[in-house]
Amino acid sequence: MRSMQRDNLTMDFDPINDKGRVPSPCISLCKMNPQTGLCEGCMRTIDEIVQWGTASEDTKRAVWVEIKKRQDALF
């Protein structure tokens, strides 16, 4: 994951303060990192990616919170 650029990450959605429909964090850079188990584009696990389409808005917000934590830990 160290090869990732901060610019590649979706940073503009605030899962706590942004209301309404939750956008997908996918940026079409789909590559699973075998060491972290995270997609190098959106920083989701494979389970989070698979479940996204049927997840509730609350669940999607929770995934975004985890993405933000992962981003903060990486950078």
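Mentor: We shall discuss the overall fold, the aromatic rings and one threonine.
Mentor: This is a predicted model, in which local features need pLDDT of at least 70, side-chain atom pairs count only at pLDDT 80 or more, and totals for chains, interfaces and linings use all residues. Residues are numbered from 1 along each chain as its sequence is written, and side-chain values use heavy atoms, with hydrogens and water left out.

Trainee: How many helices and strands does the protein chain have?
Mentor: The protein chain has two helices and zero strands. Both terms refer to DSSP runs, numbered from the N terminus: helices are H or I with at least four residues, strands are E with at least two.

Trainee: And how many aromatic pairs are there?
Mentor: There is one aromatic pair. Phenylalanine 13 and tryptophan 64 are tilted, with 5.0 Å between centres and 55° between planes. Rings of Phe, Tyr and Trp (its six-membered ring) pair if their centres lie within 6.5 Å; planes under 30 degrees apart are stacked, over 60 edge-to-face, and the rest tilted.

Trainee: Where in the chain do the two partners of the pair lie?
Mentor: Phenylalanine 13 is in the segment before α1 (46-51) and tryptophan 64 is in helix α2 (residues 57-74), 51 residues apart.

Trainee: Are phenylalanine 13 and tryptophan 64 buried or exposed?
Mentor: Both phenylalanine 13 and tryptophan 64 are buried. Buried means under 20% relative accessible area, exposed over 50%, and partly exposed in between (1.4 Å probe, protein chains only).

Trainee: Changing topic, why is threonine 59 called partly exposed?
Mentor: Threonine 59 is partly exposed because its relative accessible area is 39%. Threonine 59 belongs to helix α2.
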